[in-house]
Amino acid sequence: MKSPTAVTADDHQRYQYKPLPTGTSIRVLQIKGVQEGKLCISLESIDLADDPFFYALSYTWGNPHANGVDFTEHFNTVSGEYTSESKTETVCHGKSIYIQTNLADFLQELQSSLEQQDSPFQIPRSHEFRIWVDAVCINQDDLEERAFQVQMMGDVYRKAARTIIWLGRGDQYTTDAVEAISKLAACPQDVFVQSNITPFRQQEPDVYTASGVPYISWMEWCSLAAFFKRQWFSRLWIVQEVILSRELFLMCGSHQICWEVLVTAARTVEARCKVLGFSPSTLFMQAHEIAVALEHNTVQLARWRDFYYGTSAPEPQTRITFENLIYDTWIFSATDPRDKVYGMFGLMKTDLKAKMAVDYTTPVELVYALTTKHMIDHYSSLQILSCVQDASIRRIKPSPSWTPDLSLPYFNMICSNGFFCAAGVENKTPQLLPSSSWDRLKLKGCLFDTIVETGNDRTNHVNSSVLLDPSWFELCMLLSQPYQHTGEPRTEVLWRTLCANQTSESVVPAPKDYGILFKELLSAMIMVRAEIESEAYAEDQAKQETRGDPGPPPDCCTGFMDALGKAKEKWTFAEFDTLGREEILRHLCQRPRFLSSDRHGWLIYTLTKLQILALTEDNPNTPNWEELEQFFYNPTYVMRRKKGHDIVLVRQNDERFSASFHKRYGKHKLFLTEKGYLGLGPASAKVGDVVAILAGAEGPFILRHGHPGCDIGEENQEERKEKEGENEVMSLVGQAYVHGIMNGEAVEEEGFKLREIELA
């Protein structure tokens with residue numbers, strides 16, 4: 001077959017599509033052979049109403065190979081073959097059609113398979129092999145036809161005799177991956193679950209022999225990771241393709257795999273990981289990726305198929321509704337951001353399709369806004385607003401502030417599982433009011449409180465959730481002791497807020513023993529911070545000696561014990577050792593913030609803050625100096641920072657708190673309100689933003705005065721109120737957790753009153 005080339009204006013005359021004859025017609029492709037090194041195909045129209053025999057293809061248009069950690073080099077090496085410009089000329093009825101490389105690879109492999117006597121493609125004698133391939137069978141240049149055919153895709157996959165899943169050409173991992181899948185599928189699940197095997201880890205053969213499980217080598221585990229990291233598994237369109245297809249069959253190069261075999265292997269791995277309590281396959285995820293187990297998408301797709309065909313009964317939260325699919329498929333990707341909505345069309349009910357027509361001429365921001373309003377109205381839920389990502393990471397701009405960016409593979413709902421009810425039981429139903437235009441959302445709510453202090457913004461750090469933030473302790477010091485809203489010690493309020501008072505499985509409230517795990521995590525973070533400062537000290541010292549640069553800052557330490565010694569010296573020099581508990585609370589725990597400048601981010605000042613908390617609480621959930629010194633000499637678990645990289649490796653005996661904390665803290669930061677509440681909110685939240693409680697919302701939201709991007713200074717607040725009154729337009733910054741108002745307590749406070757709030 002001809003190798004991929006860039007399409008030029010001098011290419012042969014292009015194939016011209018003819019209009020489809022009926023509203024239920026599609027085109028199907030047949031392979032006619034190879035002439036002069038070019039694949040020859042034909043296209044014919046068939047009518048789905050006639051129940052024709054044909055196959056369907058599920059694949060990805062671009063580079064299909066694995067990307068991430070050990071696989072990126074190969075992915076990048078071959079990426080030039082899969083650009084939109086690199087296409088293969090194919091002859092269709094004597095005219096040229098240019099197809100993407102991955103599709104050309106499939107057609108070449110398909111032709112080879114069809115020529116084999118033991119071909120896996122079972123075709124009745126009265127039929128020829130015909131297959132529906134979206135890129136060729138739909139006239140992609142005709143937006144009207146494309147939109148209409150997208151609406152029919154559900155019927156295409158339902159009617160197809162079999163759907164072939166093409167994962168791309170084989171590579172150095174494919175053979176070992178297929179071998180690992182075969183071994184896992186053949187092993188009884190209960191045997192594997194009860195074994196001492198850790199998936200995706202290197203272990204001696206003796207571990208497998210003792211468990212009665214066929215040995216899976218480290219190379220086979222790596223290859224299986226590469227298999228699951230192929231791009232097909234993260235493609236949005238596969239959701240409806242897999243769910244609706246009668247029968248599924250996978251091809252990866254010359255290897256052929258039964259769908260049920262792959263699912264059995266994936267479920268076996270998942271079952272074992274549930275016993276272990278963590279997902280070892282996340283080792284193969286890049287730092288910026290969402291840490292979702294590699295086998296998750298396959299298991300989820302199989303679960304949806306079971307629900308759809310009635311082989312298992314789903315729980316209400318997992319039923320195949322448009323709302324659940326939007327949430328559950330968020331980690332899947334689509335080339336056209338509108339397809340994050342349109343890709344679900346084949347699974348929608350008829351009444352929903354009538355309200356949400358496919359139209360590729362509609363701007364993305366309008367599609368997302370109308371989808372958001374529809375979900376609020378149709379499902380009487382504001383849960384979709386919980387998905388609004390921080391403004392710093394949004395791709396679709398401009399866009400209404402209240403619209404989540406569905407094109408991002410990331411969202412981090414702080415509270416969304418029905419455990420909280422900030423507006424109280426009497427206000428559990430959203431009150432959606434008519435708005436003036438598509439980009440406005442009008443709701444009933446209460447502007448409850450104002451942010452007066454915020455923690456540090458860590459969005460630029462890839463692993464911000466495992467790096468120590470000194471501002472946590474500054475804000476904690478500003479809380480009343482005990483916390484006036486719940487009567488809890490303020491260090492307990494701190495850790496409960498950092499994990500949104502939930503377990504990693506979203507059970508509320510988080511158990512009391514999380515306080516011990518939090519103290520342990522802080523101790524480990526302190527040691528990591530000491531390593532970072534030690535590296536910075538050495539680098540600055542080397543620059544001073546070689547280039548004459550200024551030496552290390554005087555507050556920078558050469559290690560933990562150096563920092564502790566300096567902290568003790570400063571404590572004594574400032575005569576803090578002469579102060580009693582009440583004096584410390586009065587002089588060191590009041591606004592403006594104490595030790596809050598950039599200079600005071602060094603470890604010696606963090607140790608000072610921790611000591612202040614230790615001296616103003618009985619049995620605090622933060623470590624004091626003595627406990628930190630003990631941890632230094634006898635750590636209960638280890639966190640290591642890889643020099644030169646923003647990567648932290650963690651080993652601990654009990655991961656419950658850290659798992660919940662990591663799940664909630666990403667792209668968020670702490671804040672303090674005027675009424676003395678501690679909250680966890682969006683990374684872009686700032687002083688002057690408002691804590692609002694919306695009717696029907698599980699948790700509070702952070703709103704900002706004015707339109708998105710508008711910055712109204714404090715000096716103009718009163719003037720703004722007088723000018724705009726009750727008709728003020730606000731922008732949504734994101735959802736928040738505020739400790740002490742999550743169960744309707746704010747409703748009982750004086751001044752709570754629902755009003756119209758219009759969001760832009």
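A cavity is a set of grid points where a 1.4 Å probe fits but cannot get out, and its lining residues are those with an atom within 4 Å of a point. In this predicted model, the largest cavity is lined by 16 residues. Val 388, Gln 389, Asp 390, Asn 412 and His 668 are the lining residues that lie nearest the centre of this cavity. By class, the lining divides into 7 nonpolar, 7 polar and 2 charged residues. The space in the largest cavity amounts to about 120 Å³. The structure holds 1 cavity of 30 Å³ or more.

The chain as a whole has 760 residues, and 56% of them are buried. Its secondary structure consists of 24 helices and 21 strands. Where contacts join residues at least 6 apart in sequence, 73% of these contacts are between residues at least 24 apart. The accessible surface of the chain is about 32800 Å². Carbon and sulfur atoms account for 48% of that surface.

The number of disulfides in the structure is 0. For Cys 92, the closest cysteine sulfur belongs to Cys 137, and the two sulfurs are 9.2 Å apart. A disulfide requires cysteine sulfur atoms within 2.5 Å, so the distance from Cys 92 to Cys 137 is too far for a bond. Cys 92 has a relative accessible area of 0% and is therefore buried. Cys 415, with a relative accessibility of 1%, also counts as buried.

Two loop residues were examined individually. Thr 198 is found in the loop that runs between α6 (189–193) and α7 (205–211). Residues under 20% relative accessible area are taken as buried, and Thr 198 is buried because its value is 17%. When neighbours within four places in sequence are left aside, the residues in contact with Thr 198 are Gln 203, Leu 276, Phe 278 and Pro 280.

Asn 653 is found in the loop between strand β14 (648–651) and helix α23 (656–665). The relative accessibility of Asn 653 is 78%. Exposed means over 50%, so Asn 653 counts as exposed.

Terms used:
Residues are numbered from 1 along each chain as its sequence is written. This is a predicted model: local features need pLDDT of at least 70, side-chain atom pairs count only at pLDDT 80 or more; totals for chains, interfaces and linings use all residues. Side-chain values use heavy atoms; hydrogens and water are left out. On a 1 Å grid over the protein atoms alone, a cavity is a set of points where a 1.4 Å probe fits but cannot get out, and a pocket is an open set with protein on both sides within 12 Å along at least five of seven lines; lining residues have an atom within 4 Å of a point. Grid points are joined across faces, edges and corners, and a volume is the space filled by probe spheres set on the points. Ala, Val, Leu, Ile, Met, Phe, Trp, Tyr, Cys and Pro count as nonpolar, Asp, Glu, Lys and Arg as charged, and the others, Gly among them, as polar. Helices (H or I, at least four residues) and strands (E, at least two) are DSSP runs, numbered from the N terminus. Buried means under 20% relative accessible area, exposed over 50%, partly exposed in between (1.4 Å probe, protein chains only). Contact means heavy atoms within 4.5 Å. Accessible areas come from the Shrake-Rupley method with a 1.4 Å probe; for residues, only the protein chains shown count as cover.
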